[in-house]
Amino acid sequence: MSLDTSTVAKIARLARIRVGADEQTHLAQELNHVLGWIEQLGEVDTKGVEPMTSVAPMTQRLRPDVVVLENTREDVLANAPESVAGFYVVPKVVE
Amino acid sequence: MSAVDLTLADALDRLARKDISAVELTEAHLEQMARHRSLNAYLVETPERALGEARASDARRAQGQAGPLDGIPLGIKDLFCTKGVETTAGSRMLENFVPTYESTVTANLWRDGAVMLGKLNMDEFAMGSSNMTSAYGPVENPWRRPGSNAKLVPGGSSGGSASAVAARMALGATGTDTGGSIRQPAAFCGIVGIKPTYGRCSRWGTIAFASSLDQAGPFARTVKDTAILLRSMSGFDRKDSTSVDMPVPDWVKDCVGNVRGMRIGIPRQYRIDGMPAEIERVWNQGAQWLRDAGAEIVEIDLPHTKYALPTYYVVAPAECSSNLARYDGVRYGHRGEGATLTELYENSRAEGFGAEVKRRIMIGTYVLSAGYYDAYYLKAQQVRALIARDFTLAFEKCDAILTPTAPSSAFAIGEKMDDPIAMYLNDVFTVPASLAGLPGISVPAGLGDDGLPLGLQILGKPFDESGVFRVAQAIEDAAGFTAKPALLAS
């Protein structure tokens, strides 16, 4: 299968990366090149094979269900490009 | 002999004997860093902090309270968050990012007394095999081909780490390895680098690329030095859900080179088409060294080897697209202009990420998108299970596996940039073990026809770093690799 420019635009939108119309053709070629190479996985018979979900066989560890108060608001906001009164600032999202 | 030429183990001995102080050792390295700044290995130098830590180390030692790495100057890959010190992951996206916390791996090193010299350049978000994708310019390899002035790549993604250790600008360095990012640069720069078993080192505070593959490990100039560093870096951490709660052995005890009776597997499928004769020669030589040391060499099969790279280039981009979704221009990192929130996201990410990172995010987004998930991602995770099973079966016949680390020696800066797949092929021998989560080390084995170092890779069973170190020490002993980079001869 081959990606066209409209699919590239759709992927870019899903990935939230602005891709100009002038870049779409080039990107489509690049992505097709890599995806075409990946297609060889189709040769492998994987019928009945459990997909790998964990590198090391381990069971999920549980922590005690206790409330922990970590007053880290200043730390969390320290690298925010814009913050006011303890909040992140973004463009208006409701009318 | 200058203090920067010491091995880490020798430096520890001299510090213990008070032949040298931590301050003297640190000053010698800071001078070497200033001398070879043109390599672009360090993104940030922290000389004042280093000297302060060195003075504190000398004081601790005077009171008889020295830790296992006390006074040892190290470089830190810029993927590890260091509290109060810029951490960029080689990306414009994090140009002004100053973490308010410390990664577990680096915290472990400081706990044991190590001194931080600075932060090391790398491929952007650890995506690359040449250090060419760094937003802060390529790193240069201190090696040159004899009679040539062509600047060579140090490999990647931990290129700054490998270059700095080879150029004696640190006694050791941290790296991370997702598909070969420690082992391949170690081979290109003529030093030792080990990726331990997935789960040995905590991933907490290490900027994520592909979480099921990312694993930290050390670089140094001898096998024993990497064993010393790995011991400090490893250990259970409740903050990483994939951290393994197992005792950390004293791997230095394994660095004795005794491989008598060990069975060493040589995978048939690693004899790839068009493999350069020098790579095959050094591989055969390595097998002979181990045979001479009393090991038994056995041919093994890893039938799904050829599918490892395409599998990796589904799994890693898929995980990368999820992990890098956090860079939204709101919470941290670069912020672009935007009248709406979506515009702000799209512009922040378009401006903050470089071409290779965007390519991988988009591939990952595509293979995870509705209608393609089964065809790509599920299929890749199934093939990944088969690759892991290949290793499990192979380890019924052998105790460790010997392969070349990379299919070539270091190439020139700017080469292999036109075709992403040509760049991906650098990791053909390292990626399979990453997919299976196995420990792997690269040890310098000799010089190729072009006068550049070549590395041999030893892979072990899960959590058998001990076996890996034993074989690696035997290779190091037999190889007697003493060649130095051209840069240091002048």
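Is Arg183(B) buried or exposed, and at what relative accessibility? Keep that one in mind; the reply comes in point 5.

1. Ground rules. What you have here is a predicted model, in which local features need pLDDT of at least 70, side-chain atom pairs count only at pLDDT 80 or more, and totals for chains, interfaces and linings use all residues. Residues are numbered from 1 along each chain as its sequence is written, chains are lettered from A and ligands numbered from 1 in the order in which they are written, and side-chain values use heavy atoms, with hydrogens and water left out.

2. Chain B overall. Chain B has 16 helices and 11 strands; both are DSSP runs numbered from the N terminus, helices being H or I with at least four residues and strands E with at least two. The C-alpha trace of chain B spans about 65 × 55 × 50 Å along its principal axes. For 490 residues, a compact globule would have a radius of gyration near 23 Å, and the 21 Å of chain B agrees with that. (The radius is taken over C-alpha atoms, and the globule rule is 2.2 Å times the number of residues to the power 0.38.) Of the 490 residues in chain B, 66% are buried. Buried means under 20% relative accessible area, exposed means over 50%, and partly exposed is in between, with a 1.4 Å probe and protein chains only.

3. Strand 2 of chain B. Have a look at residues 73–77: 5 of the 5 are buried, so strand 2 of chain B is largely enclosed by the rest of the structure. Pro73(B), Gly75(B) and Lys77(B) point one way, while Leu74(B) and Ile76(B) point the other. Strand 2 of chain B runs parallel to strand 3 (residues 115–120) of chain B, with 5 bridges joining them, and parallel to strand 4 (residues 172–177) of chain B, with 2 bridges. Two strands count as paired if DSSP finds at least two bridges between them. Leu74(B) stands opposite Met116(B) in strand 3 of chain B and opposite Gly172(B) in strand 4 of chain B. With helix 4 (residues 104–111) of chain B, strands 2 and 3 of chain B make a right-handed β-α-β unit; right-handed means that, with the strands pointing away from the viewer, the path from the first strand over the helix to the second runs clockwise.

4. Strand 9 of chain B. Here, too, 5 of the 5 residues (400–404) are buried. Ala400(B), Leu402(B) and Pro404(B) point one way from strand 9 of chain B, and Ile401(B) and Thr403(B) the other way. Strand 9 of chain B pairs in the parallel sense with strand 7 (residues 263–267) of chain B over 2 bridges, where Gly265(B) has Ile401(B) as its bridge partner. Strand 11 (residues 453–460) of chain B runs antiparallel to strand 9 of chain B, and 5 bridges join the two. Leu402(B) stands opposite Ile458(B) in strand 11 of chain B.

5. Salt bridges. Over all chains there are 28, each being a side-chain nitrogen of Lys or Arg within 4 Å of a carboxyl oxygen of Asp or Glu. Back to the opening question: Arg183(B) is at 0% relative accessibility and so counts as buried. Its salt bridge partner is Asp177(B), at 2.9 Å from N to O, and Asp177(B) is also buried at 0%. Asp19(B) and Arg17(B) form a salt bridge with the closest N and O atoms 2.8 Å apart; Asp19(B) is partly exposed at 48%, and Arg17(B) is exposed at 52%.

6. Backbone spots to check. Most residues other than glycine have a negative phi, and most peptide bonds are trans. Gly156(B) and Ser157(B) are joined by a cis peptide bond, with omega about 15°. Ser157(B) sits in the loop between strand 3 and helix 5 (159–166) of chain B. Asn131(B), with a positive phi near 70°, is found in the loop between strand 3 and helix 5 of chain B and is buried at 0%. Arg168(B) has a positive phi near 65° and lies in the loop between helix 5 and strand 4 of chain B.
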